[in-house]
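Colleague: Could you walk me through this protein model, please? I am new to this and would like to ask a few things.

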Amino acid sequence: TLARLESLTLARCGLNVETLTPLCGLGTPPLLWSLDLSTNPLGNWGARVLASAPLLRDLRSFRASYCRIGRYGAISLCRALPPNLSSLDLSWNPIG
């Protein structure tokens, strides 16, 4: 069961909008504290899909470096991330 999952690393897995959508649509998301999606071509649209997912609600650490996330995707993510987030890595994205 995923309910007890605390850390998830999916770096360099080729995730994109199409493959990210099912992950974001989990009925009861795990209580994730750490999520690493680095080096996946998510782009702005993938960031927006992720921002609407309850998967982010309890994160303390989020990494999405090298994900081709632009300004609008970064804004969507930052609005959705919880206030108790202690680590955020959006490096090497064309945020501008």
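Here are some questions and answers on the core, a helix and a loop residue.

Modeller: Welcome! This is a predicted model, where local features need pLDDT of at least 70, side-chain atom pairs count only at pLDDT 80 or more, and totals for chains, interfaces and linings use all residues. Residues are numbered from 1 along each chain as its sequence is written, and side-chain values use heavy atoms, with hydrogens and water left out.

Colleague: How many residues does the largest nonpolar core have?

Modeller: A nonpolar core is a set of buried Ala, Val, Leu, Ile, Met, Phe, Trp, Tyr and Cys residues joined through side-chain atoms within 4.5 Å. Buried means under 20% relative accessible area, exposed over 50%, partly exposed in between (1.4 Å probe, protein chains only). Leu 35 and Leu 77 are among those with the most contacts inside the largest core, and the number of its residues is 26.

Colleague: Is Arg 68 buried or exposed?

Modeller: Arg 68 sits in the loop between strand E3 (61-63) and H3. Contact means heavy atoms within 4.5 Å, and beyond its neighbours within four places in sequence, Arg 68 has contacts including Pro 41 and Asn 93. Because its relative accessibility is 61%, Arg 68 counts as exposed.

Note on methods
Helices (H or I, at least four residues) and strands (E, at least two) are DSSP runs, numbered from the N terminus.
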